[in-house]
Amino acid sequence: MAATPEICSDLTPREGDLGALRERIRAATLRPEAAAVEDLHRALLPLADTLEAARTRAIRWVELARERARSRPLAESLLDQFPLDSRQGKALMGLAEALLRTPDPGCADRLIAERLAALRGAGPRSADLTVRGALALLGTASRLLPEPLPEKSAPATPRANDSAVEEKHRRPLLSPIATPLVRGALRRAMRMMGSAFIVGESIESALARGRRERGLALCSFDVLGEGARSESDAQRYFEAYRGAIDALRSQPAGSVHRRSGISVKLSALEPRYALTQRSRVMERLVPRMLDLARRACGAGIGLTIDAEEADRLDLSLDVLEALARDAGTRGWGGLGLAVQAYGRRSPLVLDWVTELARQSRRRMSVRLVKGAYWDTEVKRAQERGLDSFPVYTSKAATDASYLVCASRLFDAPDVIYPQFATHNALTV
């Protein structure tokens, strides 16, 4: 599957036959990383002065943000104390995400105990008194809750008093009184923390919050959930997307890019969303997507096809092409695609989307993101015994690819409306 460097080493934008451009994309899927990075470096050399100026601005922005740290929400301060790549940060975010979806008290207690165990021994390094107080409360709570049981290497012969020993180990003296109080307090705290990342539990509440808070005026809404496992799942997600689009009609009048839109995950609308099932996908999924696209066009909002794993990219482009060639939505500028910069073929994907927009005589949106499936892509490639990966293996290479892709988007303003998703100050 590895491509020869002669086929795909040139990152110069090309126009022409869509089929030929697709072949270049396929050939670049597992191209050698060293060659891909060399091409990125070559493409960025003419932008050296611009990048240095951006670096200077980014440093100043970070310094200003740190100067204003005392006025930041508790969620941001806690993430400073425990970055997401730390053991404590993962435990904290895992607790915030999972606790809200765990109605059973017993499961919630074990979940809290397991996650808070990771916070023990973390000193109060922060100068923020609110953060230090929150960490102290979390530490106290973790000592009052039942201890998570240690894993056993092998099953042992049960003894008569084993259950009593485990119960004593798991339930401190104050546990019957403290556990419900700690559980309730942590649920409220996690809801507060979750509100920093989730605009609303329903699209109506999110729109209402957006009207109240100026900084949330524009959003891209997702119907949260995994891919469909059955036809009934797909139908349920389809109805949810239709309902969400109808709800977004209530926004104040404006251009499609000044109103909140929706992102659609194709694997939520087709339980067999795989390249080997292309005929089925084109027969069953494309009509659903045409329905949603026409509905979004009528509502005056944008609709973006969300990113999927690398194996599904070719199929996603097939669906996008079918939507782009729909004459009924040609005057609508809201059709879009999310492109993941960590893919080694991402600049070539942008070439193809640009040419598709020109041929279909419409302006399309491209949302450039870093990428969401890195662990999965690496694991799958290793399981298959491949010599390379479809994604870059270093953050620096992904950042460079993002900048090359951004430059590519700005080169086609007549047919591409660029959108950018990033948390990186230099990238901004």
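Me: With which side chain does the side chain of aspartate 39 make a polar contact?
Reply: In this predicted model, local features need pLDDT of at least 70, side-chain atom pairs count only at pLDDT 80 or more, and totals for chains, interfaces and linings use all residues. Residues are numbered from 1 along each chain as its sequence is written, and side-chain values use heavy atoms, with hydrogens and water left out. A polar contact is a pair of N or O atoms within 3.5 Å; within protein, one must be able to donate a hydrogen and the other to accept it, and residues adjacent in sequence count only if both atoms are side-chain atoms. At 2.6 Å, the partner of aspartate 39 is the side chain of arginine 42.

Me: Is aspartate 39 buried or exposed?
Reply: Aspartate 39 has its place in helix α3, residues 33-44. Buried means under 20% relative accessible area, exposed over 50%, partly exposed in between (1.4 Å probe, protein chains only). Because its relative accessible area is 5%, aspartate 39 is buried.

Me: Which side chain does the side chain of arginine 345 reach by a polar contact?
Reply: Arginine 345 is also a buried residue, with a relative accessible area of 8%. Leaving out residues up to four places away in sequence, arginine 345 touches Ile25, Ala28, Thr29, Ala310 and Leu313, where contact means heavy atoms within 4.5 Å. The polar contact, at 2.9 Å, is with the side chain of threonine 29.

Me: How far apart in space are arginine 345 and alanine 27, C-alpha to C-alpha?
Reply: In sequence, arginine 345 and alanine 27 are 318 residues apart. In space, their C-alpha to C-alpha separation is 8.7 Å.

Note on methods:
Helix = DSSP H or I, 4+ residues; strand = E, 2+ residues; numbered from the N terminus.
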